[in-house]
Amino acid sequence: MKISAANLPHLLAAAVLLAAFATPAATAIAATSPRDADALAKSTYIYIATVRKDGNQSKAVPVWFITTADGRIMIDTNSDSWKAKRIRRGSPVLVWIGSRTGPAFIGKAEFIRDRALQDEMIEGIPRKYWLAWAGLFGPKRARFDSGQVVTLRISTERDLPDGFQSAPGTPAPVLDEKPKPAAAQ
């Protein structure tokens with residue numbers, strides 16, 4: 001098979017795509033802890049804060065959500081929201097489940113452009129929230145297609161300690177910080 005210079009970018013893109021599929025999805029995300037899975041099953045809202053450019057937490061805001069079969073969270077938000085802008089630039093997300101003082105974790109969010117996953121949001125939100133079921137609110141295909149609304153999928157990186165609270169304007173925890181070992185006695 002002869003490879004022309006014009007086809008090289010397409011072949012490289014195909015190789016990257018194949019490598020992505022060859023990597024098991026389980027290695028790409030941390031598992032949701034039993035504490036968080038239980039809280040998510042019982043909760044109507046999650047509260048999300050992002051990290052500002054100065055390294056401090058934003059205000060935690062309540063959002064509707066659905067969970068995926070693999071334990072990740074999906075939300076939708078306006079594409080020009082501060083949350084979306086900060087995540088686009090690489091901000092981690094701080095998530096509290098059920099209330100601003102509920103179980104908390106730090107995670108990574110990714111923008112989802114897959115229509116099938118967006119359709120899960122369009123169908124799942126009205127099943128969970130009666131205001132969306134009544135047609136008053138909730139994601140609509142036209143808003144996704146126009147770019148007004150985006151879907152974010154959140155993966156857990158690590159749990160935050162019980163009692164960790166939303167504190168806008170204070171330094172956010174480091175995403176990849178490992179728990180400190182107990183002091184030797």
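What follows is a short walk through this model, which is predicted.

Start with the fold. The protein chain has six helices and seven strands. Along the sequence they run α-α-β-β-β-β-α-β-β-α-α-α-β. Among contacts with a separation of 6 or more, 69% join residues 24 or more positions apart. Of the 185 residues, 38% count as buried. The exposed surface comes to about 11,200 Å², with 59% of it supplied by carbon and sulfur atoms.

The largest nonpolar core holds 27 residues, and the members touching the most others are I46, I48, I73, I75 and I154. Elements that each give at least two residues to this core include α2, β1, β4, α4 and β7. Which strand supplies the largest share of the core? That is β6, with four residues.

Take I46 as an example. Beyond its neighbours within four places in sequence, I46 is in contact with L40, V61, P62, V63, F65, I73, I75, V95, W96, I97 and G98. There is also a second, separate core of 10 residues, and W96 is among them, as are V51, A60 and A172.

Last, the arginine. R153 sits in strand β7, residues 149-159. Is R153 buried or exposed? Its relative accessible area is 16%, and the cut-off for buried is under 20%, so R153 counts as buried. Leaving out residues up to four places away in sequence, R153 touches R72, I73, M74, K108, A109, E110, I112 and L117.

Definitions and conventions: Residues are numbered from 1 along each chain as its sequence is written. This is a predicted model: local features need pLDDT of at least 70, side-chain atom pairs count only at pLDDT 80 or more; totals for chains, interfaces and linings use all residues. Side-chain values use heavy atoms; hydrogens and water are left out. Buried means under 20% relative accessible area, exposed over 50%, partly exposed in between (1.4 Å probe, protein chains only). Contact means heavy atoms within 4.5 Å. Accessible areas come from the Shrake-Rupley method with a 1.4 Å probe; for residues, only the protein chains shown count as cover. A nonpolar core is a set of buried Ala, Val, Leu, Ile, Met, Phe, Trp, Tyr and Cys residues joined through side-chain atoms within 4.5 Å.
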